Amino acid sequence: MEILEIRNVKKYYGKNDNLVKALDDVSFKIGKGEFVAIVGQSGSGKSTLLNLIGGLDKPTSGSIIINGKEISGFSPKKQTEFRRKNIGFIFQNYSLMPELCVYDNVALPVSIDRSQKTDHEYIKRILTDLGIWEKRKKLPHQLSGGQQQRTAIARALANKPAIILADEPTGNLDSGTTMDVMELLKNSCKEYSQTMIMVTHNDMLAASCDRILSILDGKIERGY
Amino acid sequence: MRMIFLIPFSFMKKNVRQTISILLSIILSVGMIVAVSCMMYSAHVNKTESIREQKGDHHYFILGSSDTLKSISDDTDNSDFTLQNVKAMKIKDSVDITGDFNIVLAFADSECRKMMSHDIISGTYPVTTDEIALDRYTLHLLNAGEEIGSSVSLGDKTFILSGIVSEPPEKTGTTREAFVCEGYPDSYDLYNIYLKFDEDKDLYKQVVAFAEKCQIDTEALHSNGDLIDCVIDGNFQRFINIVRAVHEDEEANFITLLMRLRSEMHLTTGIVSFFLVLFSIFIIYSIFSVSISKRMKEYSILQTIGVSRSMICLMLMIELYSLLLIGFPVGCGLGILADKLFFRQGSDLFSGRASLIERTHSGAENLQYTVYDDSQYRFFVDGSALFGCALLIAVLIIGMCFIISARINKMTVKDMMNSDKIREHKEKIYSLKNKSLLNKLNDRFMFAVPSKFLMIIISMSLGCILIISINFIAVNTRINNMMIMHSQEGLSSDVKISVSKDEPLDIGITAEQAEMVGTSEGISSVSAFMYDLGEISVNKDLLKWKEFWPEIAGDETWKPSPETMKRFNGIAVEDTDCYRIKTNIYGYDDSSLDELKDYIIEGSIDAQSMKNENGIILRTLIDAQNNDDGLDIGVGDRIVLKTVRYNENNKELLRFDGADEKYEVKEYVVDAVVNASLINNTEYIGKEGLDIIMTNEQMKKNYGIDVYNVLAVYKNSESDNTVVSKLGDIFSGDDNIKIYDNSVAIEERNKEIKRAESLIYGIAVLLMIIAVFNIINTISHVLDSKRYSFAVLRAIGISENNFMKMLFVQAMKYTVSTVAVIIASELAIQRIVGNMLKHVYGYINQIQNVSLFVNIIVFAFIGIIFTLTVTVTGKQILDSDIIDELKTE
């Protein structure tokens with residue numbers, strides 16, 4: 001069953017001579033529970049695609065349908081609500097709240113959603129699995145890059161979203177931790193029937209995913 | 001080297017909003033300083049000219065012979081002093097008038113008379129040797145008429161009155177002046193030599209040099225103190241001299257120092273200027289700091305590539321001075337314009353101009369008053385103040401840049417990269433106990449760096465503290481002015497009807513006449529006052545201030561007035577075991593007693609209780625510092641009051657040294673002590689003695705008095721000018737009754753009070769504008785600095801409502817914190833300022849705290865500003881692109 005359908009999506013910036021086609025008529029579908037890797041060179045449009053799927057940006061044209069709902073037509077308010085309940089985002093630069101400790105950063109998405117109760121056991125499990133339980137009271141600036149990345153991953157998993165969008169989630173991790181994180185992401189995928197869409201430069205990691213989508217110059221080169 | 005200029009300009013170009021904020025803060029601050037300083041300067045100059053007109057255009061005068069005059073006139077301009085004008089009044093003769101006073105006959109040409117400010121106001125200057133010109137008071141003392149051409153007898157000589165001169169600027173004790181013609185025979189080789197020095201040079205230095213050159217004792221020089229006070233510049237040496245003098249005076253205290261600084265060095269001007277400059281610099285610093293904090297990363301890069309601290313300091317200075325070069329002239333222009341348009345009318349506040357009311361010495365005449373002529377106000381720009389302001393700001397900028405560059409230098413590169421380094425917090429997980437983290441997040445946003453939070457709160461509260469303090473001063477100034485108007489200037493009513501002093505005390509305004517006045521057309525109400533003169537005996541240990549009266553002060557150089565000694569045997573008389581103090585006894589009606597409550601120091605006033613228990617109110621002694629502990633008589637104490645028996649019409653008995661059977665003695669209990677009386681009968685002892693106040697019913701019951709001495713008459717708002725003449729009809733043929741129409745004077749005084757208030761509140765509005773500007777800028781920056789964190793929240797999925805709610809809570813917390821700082825500061829400030837108003841500026845009212853209503857308005861206003869700023873900035877944040885914001889980390 002499809003959870004995500006991208007239909008003729010275009011994302012253009014600028015006009016006339018300054019026109020930049022970040023995405024140019026992209027179409028594909030992703031099934032529920034799939035672990036998909038998006039690969040491509042720098043500037044190919046991978047992050048742009050991820051931002052569109054996550055509702056952080058709007059396509060110039062085309063449709064983005066998640067769980068049967070066309071989110072590209074949502075108002076910003078509805079998009080925000082949809083994102084809060086259904087999307088978990090792992091940013092390239094971690095995007096942690098510098099004012100909150102690790103634990104509170106992870107609990108933050110749940111705390112701002114009044115319809116959900118904070119599952120502290122689950123948070124503990126994620127943090128332990130990611131190897132940062134002992135760092136739970138530390139502030140982000142007190143952590144290494146890898147630890148911050150793991151915190152960002154934990155936050156994305158905390159409210160058990162339907163789709164997890166990960167932009168280079170293992171970029172700053174050592175090989176051992178990378179494997180652990182990938183294992184965690186896959187297990188979470190399976191356990192909670194989460195769909196994982198991961199942008200990566202690492203061919204090995206991409207190869208371990210269920211499907212690879214390759215983007216070149218804003219178009220899907222292969223994989224669909 | 002080019003980079004040192006390029007970098008600051010590129011910073012300014014990149015942060016346009018902050019650059020404009022700094023520029024605006026400079027313009028507004030300079031504008032405010034210039035507006036107030038030009039207004040103060042204009043007031044000062046206008047006041048100086050006014051005093052020159054009233055007190056004479058000379059700084060000193062000296063008594064000397066023709067040789068002295070020649071030696072002075074021969075050398076008026078040398079390197080040590082410059083005499084701009086020297087004029088002499090030739091003293092011809094002196095006539096002793098039966099031991100009471102003497103009259104000096106003198107000749108002064110028109111130039112000299114102008115310099116003395118003692119000139120002919122009607123008639124002509126004497127031309128022949130039998131002509132004389134005198135002032136009205138002297139004519140009154142001589143029992144002579146004022147008609148030109150009438151005879152005036154001086155001893156065994158008789159003159160013809162050719163002209164009337166203005167009152168002499170200074171009271172001359174027992175000596176009065178009369179002008180005669182130049183040809184009048186000389187009995188002396190004596191001159192009053194009037195001296196005017198160059199006011200652009202140090203006056204004291206010139207005087208010392210002059211005295212040395214002309215071999216004159218400086219003690220012999222009589223100063224025109226009021227004019228000298230205006231033209232002497234305050235300088236540091238003078239300040240030191242005053243401090244030293246106060247320190248050496250055993251009886252002086254800190255209040256004495258402040259009073260001297262107020263009168264001799266324009267303390268008010270100094271305080272106002274100081275706080276305005278301080279506030280302005282703080283605002284500029286606050287806004288500039290905000291701008292700097294946004295580019296810490298840029299400075300870290302500069303540090304990384306090896307730019308030294310002194311070069312960073314130089315770059316900061318270039319930036320600020322560039323803005324000052326633009327902002328200062330614009331601010332000056334705005335300030336001068338604002339002064340010309342809005343502040344001219346309020347210059348009285350800083351001129352300290354004397355009351356409009358000029359009482360003549362004759363007392364029996366109608367009040368003379370000078371109406372403030374707005375068209376005569378001339379505007380001046382104080383160039384030295386502008387230069388001083390520019391120099392001060394320029395110097396403070398150096399200090400600012402020095403401090404900021406030191407701060408940058410102190411931080412490591414890493415710290416600057418992480419410019420919002422959060423204090424190490426106690427390791428705590430908030431989500432375990434709090435479902436919503438947004439409140440905790442707010443607290444972390446606000447309090448994570450406590451010093452920054454404090455700086456924000458102080459900068460936001462400073463403007464509001466000044467505004468509330470200004471309101472405090474304005475309210476108390478208004479009450480004080482009104483009370484002074486009523487109690488000291490005799491302007492408590494539109495019309496005053498009183499009995500001439502030459503009449504016995506049992507002659508007065510009858511009840512029937514009072515009723516006729518009350519029912520006259522155009523009259524809304526009448527307050528009737530009775531009067532008697534008495535004497536109270538005060539035990540010696542109860543009177544702390546013997547130095548209050550020359551009769552008992554024991555100071556050989558301070559003599560009581562001959563008239564007082566002649567009529568009353570002095571105000572205070574020393575007996576073996578007590579002092580006998582002359583006392584006005586006033587009878588008030590109930591409504592006046594009610595009004596007197598504003599002047600209570602101790603006790604309470606209840607008219608019915610006074611009538612029942614025969615209690616009285618004592619107006620006690622008040623000194624120059626508004627202290628009231630000179631007489632140790634208070635509520636519940638007994639007073640023994642001696643009065644002349646009602647049927648005794650002998651004026652000699654008012655000396656209270658006649659036979660005992662001519663007097664009666666009664667004892668009273670003090671119900672209340674006040675610091676002033678509503679009326680002041682100047683026909684007898686005036687304010688020189690004490691006052692006892694009782695009800696009119698008590699006056700009748702205790703002393704059989706059934707006539708009124710003063711009627712205070714209040715006109716209807718619709719009444720016209722014919723009201724006073726109609727009142728005159730009631731008393732026509734009654735030469736002992738005088739009618740004073742105060743309405744014009746009251747109107748002018750009220751306008752004066754309103755002008756002062758307008759000025760005070762005008763300054764408050766300016767401060768409010770600057771304070772609001774600072775609040776908006778600071779809050780915008782605070783929120784702006786959290787854009788990255790807000791972007792994360794938005795990316796995670798916070799709803800717009802929750803986001804705005806979070807910001808609103810933050811705004812409210814800032815409001816509450818600011819309000820707390822304001823309240824705490826105000827409690828201390830109002831106490832200090834209240835003491836200053838009472839003891840240094842002599843305010844006679846009970847100091848009122850700022851009303852709760854005003855506080856609520858200010859606090860609500862702060863809350864509204866915070867909320868609006870937060871709402872607008874929040875909307876801007878919500879409209880921004882989340883992805884771009886996430887890249888701002």
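**View 1. Helix 10 and helix 14 of chain B cross in a right-handed fashion.** A crossing counts as right-handed if the near helix is turned clockwise from the far one by less than a right angle, and as left-handed if anticlockwise. This is a predicted model: local features need pLDDT of at least 70, side-chain atom pairs count only at pLDDT 80 or more, and totals for chains, interfaces and linings use all residues. Residues are numbered from 1 along each chain as its sequence is written, while chains are lettered from A and ligands numbered from 1 in the order in which they are written. Helices (H or I, at least four residues) and strands (E, at least two) are DSSP runs, numbered from the N terminus. Axes here are lines fitted to C-alpha atoms, for helices over the stretch in contact, and angles run from 0 to 180 degrees between N-to-C directions.

**View 2. Here's who meets whom between helix 10 and helix 14 of chain B.** From helix 10 come Val277(B), Ile281(B), Tyr285(B), Phe288(B), Ser289(B) and Ile292(B); helix 14 answers with Leu392(B), Leu396(B), Met400(B) and Ile404(B). Contact means C-beta atoms, placed from the backbone, within 7 Å. The contact residues split into nine nonpolar, one polar and no charged. For this count, Ala, Val, Leu, Ile, Met, Phe, Trp, Tyr, Cys and Pro are nonpolar, Asp, Glu, Lys and Arg charged, and the others, Gly among them, polar.

**View 3. Six strands of chain A make an open sheet with mixed pairing.** The strand order is 6-7-8-3-9-10; two strands pair if DSSP finds at least two bridges between them. Strand 6 (87-90) and strand 10 (219-222) of chain A are at the edges with a single partner strand each, so one side of each has no neighbour in the sheet. On average, neighbouring strands are turned by 25° against each other, direction ignored. Strand 6 of chain A runs parallel to strand 7 (residues 163-167) of chain A, joined by four bridges, and Gly88(A) sits opposite Ile164(A) in strand 7 of chain A. Helix 1 (residues 46-53) of chain A packs on the sheet, touching strands 3, 7, 8 and 9 of chain A.

**View 4. Chain A meets chain B through 30 residues, against 29 from chain B.** Helix 2 (76-86) and helix 3 (102-111) of chain A each bring at least two residues to that side, and helix 3 of chain A gives the most, with six.

Conventions. Two residues are in contact if their C-beta atoms, placed from the backbone, lie within 7 Å.
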